[in-house]
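Let's take a walk through this one together, with the sequence on one side and the fold on the other.

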Amino acid sequence: MEPIMVSACLAGIPCRYDGRAKTSDDAVRLVERGRAVVVCPEGAGGLPTPRPPAEIVGGDGADVLDGRARVVDATGADCTAEFLAGARAALAAAEEAGARRAVLMARSPSCGCEQVYDGSFTGELRPGDGVTAALLRRAGIEVTAG
């Protein structure tokens, strides 16, 4: 069976910005069956756990990839480079494993699928993907929220 990329926090790894996991039973089952390629793009990009929450300012993940938006954390620090590096690491892991599907953490600035926080740090959502989700889609990988 073909492997599926899974956000590490969905697989039970405490790597979210707040130091916790967001465990999904479906993701854990994929790991137990040996079918998951587990990746935390934010960690792979060099960000620590825990870390200040981050949001995309000026667009969505596709805009970040195209240089029209950036990722900033709640302290105002620009962490665009780390999000881009993590997205590239996730894509490399997916390609190396032959994964053509990904189940990613909803609303995340890296893994969000179809909705991300709007950059105001008020809990408001906007349509769009996170940086990693956008890069995976561009590479032809099917992305869904877990």
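This is a predicted model: local features need pLDDT of at least 70, side-chain atom pairs count only at pLDDT 80 or more; totals for chains, interfaces and linings use all residues.

A disulfide here is a pair of cysteine sulfur atoms within 2.5 Å. Residues are numbered from 1 along each chain as its sequence is written, and side-chain values use heavy atoms, with hydrogens and water left out.

Take Cys9, which is in no disulfide: the nearest cysteine sulfur belongs to Cys15 and sits 5.1 Å away. Cys15, for its part, has its closest cysteine sulfur in Cys40, at 3.7 Å, and that is too far for a bond.

Strands (E, at least two residues) and helices (H or I, at least four) are DSSP runs, numbered from the N terminus, and two strands pair if DSSP finds at least two bridges between them. Four strands make an open sheet in the order β2-β1-β5-β8, with parallel pairing. At the edges are β2 (36-39) and β8 (142-145), each of which pairs on one side only. From one strand to the next the twist averages 25°, with axes taken as lines fitted to C-alpha atoms (for helices over the stretch in contact) and angles running from 0 to 180 degrees between N-to-C directions. Strand β1 (residues 4-7) runs parallel to β2 and is joined to it by four bridges. You can find Val6 standing opposite Val38 in β2.

Next, pick out Leu136 in helix α5 (residues 131-138). Its relative accessible area is 0%, so it counts as buried. What is Leu136 in contact with, leaving aside its neighbours within four places in sequence? Counting heavy atoms within 4.5 Å as contact, the list is Met5, Ala90, Leu91, Ala94, Ala102, Leu104, Ile141 and Val143.

Last come the charged pairs. A salt bridge is a side-chain nitrogen of Lys or Arg within 4 Å of a carboxyl oxygen of Asp or Glu, and by this rule there are nine. One of them links Asp18 to Arg16, with the closest N and O atoms 3.3 Å apart. Asp18 is partly exposed at 26%, whereas Arg16 is buried at 17%.

Another joins Arg29 and Asp26, at 2.4 Å from N to O. Both lie in helix α1 (residues 25-32), three residues apart, or about one turn of the helix. Arg29 is partly exposed at 36%, while Asp26 is exposed at 51%.

Then there's Asp63 with Arg68, whose closest N and O atoms are 2.7 Å apart. Asp63 is buried at 17%, but Arg68 is exposed at 53%. This pair belongs to a network of salt bridges linking Asp63, Asp66, Arg68 and Arg138.

Conventions:
Buried means under 20% relative accessible area, exposed over 50%, partly exposed in between (1.4 Å probe, protein chains only).
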